[in-house]
Amino acid sequence: MLQEVVGSRASDILLHSYHRSFNGFVAKLTEEEKQKLAAMEGVVSMFPSQKKKLHTTRSWTFMGFHQNVTRSTKESDIIIGVLDIGIWPESESFNDEGFGPPPAKWKGTCQTSSNFTCNNKIIGARYYGSEGNLPQGNLFPPEI
């Protein structure tokens with residue numbers, strides 16, 4: 001589909017292709033290319049990339065729940081996955097004070113560098129660049 005719209009440039013503007021949960025792709029398109037693609041048979045939906053507002057990871061406080069509520073022990077064994085455009089571990093949002101070690105069932109990985117390490121709150125991280133290559137230096141710029 002992308003080749004029909006942009007021709008031989010398709011491999012240059014294709015950023016990612018999804019094929020497990022659904023079929024789709026991410027590409028850098030002009031407005032005209034977007035309109036052509038949207039009009040093609042088989043296209044279910046299209047939407048532009050959006051920047052999201054950063055919220056907190058201190059969920060109980062963020063949602064307004066009291067801290068002195070009796071909680072279930074199951075809460076301590078919950079893993080929440082996050083896909084983000086960038087992370088800055090020094091941010092107070094990622095302070096691991098009061099967090100125990102990751103659950104034993106955790107099988108993830110932490111891709112570290114000279115300026116990035118995981119802690120008991122950030123238990124896994126991996127860099128995926130839109131161009132498919134790793135930048136030199138800071139793996140996780142403070143873009144948020």
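**Salt bridges and surface**

K34 and E31 sit 3 residues apart in helix α3, about one turn of the helix. Their side chains form a salt bridge, with the closest N and O atoms 3.6 Å apart. Keep in mind that this is a predicted model, and that it holds 3 salt bridges.

**Along helix α3**

- K34 is partly exposed, with a relative accessible area of 33%.
- E32 and K36 also meet in a salt bridge, at 3.8 Å from N to O.
- These two residues, E32 and K36, are 4 residues apart in helix α3, again about one helical turn.
- E32 is exposed at 56% relative accessible area, while K36 counts as partly exposed at 45%.

**A link to another part of the chain**

- E33 forms a salt bridge with R9, and their closest N and O atoms are 2.7 Å apart.
- E33 belongs to helix α3 (residues 31-38) and R9 to the loop between α1 (2-6) and α2 (10-13), so the pair ties together parts that are 24 residues apart in sequence.
- E33 is buried, because its relative accessible area of 10% is under 20%.
- R9 is partly exposed, at 36% relative accessibility.

**On the surface**

- M1, L14 and F25 make a nonpolar surface patch of about 240 Å².
- F25 comes from strand β2 (residues 24-27) and is partly exposed, with a relative accessible area of 33%.
- G98 lies in the segment after α4 (59-63) and counts as exposed, at 82% relative accessibility.
- G98 and K121 are 23 residues apart in sequence, and their C-alpha atoms are 9.3 Å apart in space.

Note on methods: Residues numbered from 1 in each chain as written. Predicted model: local features only at pLDDT ≥ 70, side-chain atom pairs only at ≥ 80, totals over all residues. Heavy atoms only, no water. Patch = residues over 30% accessible without salt bridge, like charges linked within 9 Å, V, L, I, M, F, W, Y side chains within 5 Å. Areas by Shrake-Rupley, 256 points an atom, 1.4 Å probe, with all protein chains shown as cover. Salt bridge = Lys/Arg side-chain N within 4 Å of Asp/Glu carboxyl O. Buried < 20%, exposed > 50% of the residue type's maximum accessible area, 1.4 Å probe, protein only.
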